[in-house]
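Here is a short walk through one protein chain. Keep the viewer open and follow along.

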Amino acid sequence: MTESNIHSDDATPDPTQETLGGPQGDSTRKDPEEWVTGDEPMTGAQRSYLDTLARENGEEIPADLTKAQASEHIDRLQAGSDRTS
């Protein structure tokens, strides 16, 4: 860690020296298992799109998936589909 990243408890951080993010890559994508609402039932849009992708890939998928599970299946099925999103 550089000195600019270390702040003592009694020092006021200099906002011009603070940074957000970093070299971790795409921060707009979060692992579905880390979603706050990931254990809620899948959305209508997920259900519709997953139904389409499953049919195109000749698969049957349970209809009682969570948002996180649906997202993981969508990602997997997209990889085997001609669709890009």
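A salt bridge here is a side-chain nitrogen of Lys or Arg within 4 Å of a carboxyl oxygen of Asp or Glu. Keep that cut-off in mind for the charged pairs below. The model is predicted.

Start with the overall picture. The chain has 2 helices and 0 strands. Of its 85 residues, 21% count as buried. The accessible surface comes to about 6,900 Å². Carbon and sulfur atoms account for 48% of that surface. Now look at contacts between residues at least 6 apart in sequence. Of these, 59% join residues at least 24 apart.

The largest nonpolar core has 9 residues. They are M42, Y49, L50, L53, A54, L65, A70, I74 and L77. Helix α1 spans 44-56 and helix α2 spans 67-79, and each supplies at least two residues of this core. The top contributor is α1, with 4 residues.

Now turn to the charges. Side chains of opposite charge can pair when their charged atoms come close. The whole structure holds 3 salt bridges.

R55 bridges to D51, with the closest N and O atoms 3.1 Å apart. Both residues sit in helix α1. They are 4 residues apart, about one turn of the helix. R55 is exposed, at 64% relative accessible area. D51 is partly exposed, at 37%.

Which residue forms a salt bridge with K67? The partner is E40, and the closest N and O atoms are 3.0 Å apart. This pair links distant parts of the chain. K67 belongs to helix α2, while E40 lies in the segment before α1, 27 residues apart. Is K67 buried or exposed? Its relative accessible area is 17%. Buried means under 20%, so K67 counts as buried. E40, at 34% relative accessibility, is partly exposed.

The remaining pair to visit is R76 with E59. Their closest N and O atoms are 3.0 Å apart. R76 lies in helix α2 and E59 in the loop between α1 and α2, so the bridge ties together parts that are 17 residues apart in sequence. R76 has 40% relative accessibility and counts as partly exposed. E59 is also partly exposed, with a relative accessible area of 30%.

Key
Residues numbered from 1 in each chain as written. Predicted model: local features only at pLDDT ≥ 70, side-chain atom pairs only at ≥ 80, totals over all residues. Heavy atoms only, no water. Core = buried A, V, L, I, M, F, W, Y, C linked by side-chain atoms within 4.5 Å. Buried < 20%, exposed > 50% of the residue type's maximum accessible area, 1.4 Å probe, protein only. Contact = heavy atoms within 4.5 Å. Areas by Shrake-Rupley, 256 points an atom, 1.4 Å probe, with all protein chains shown as cover.
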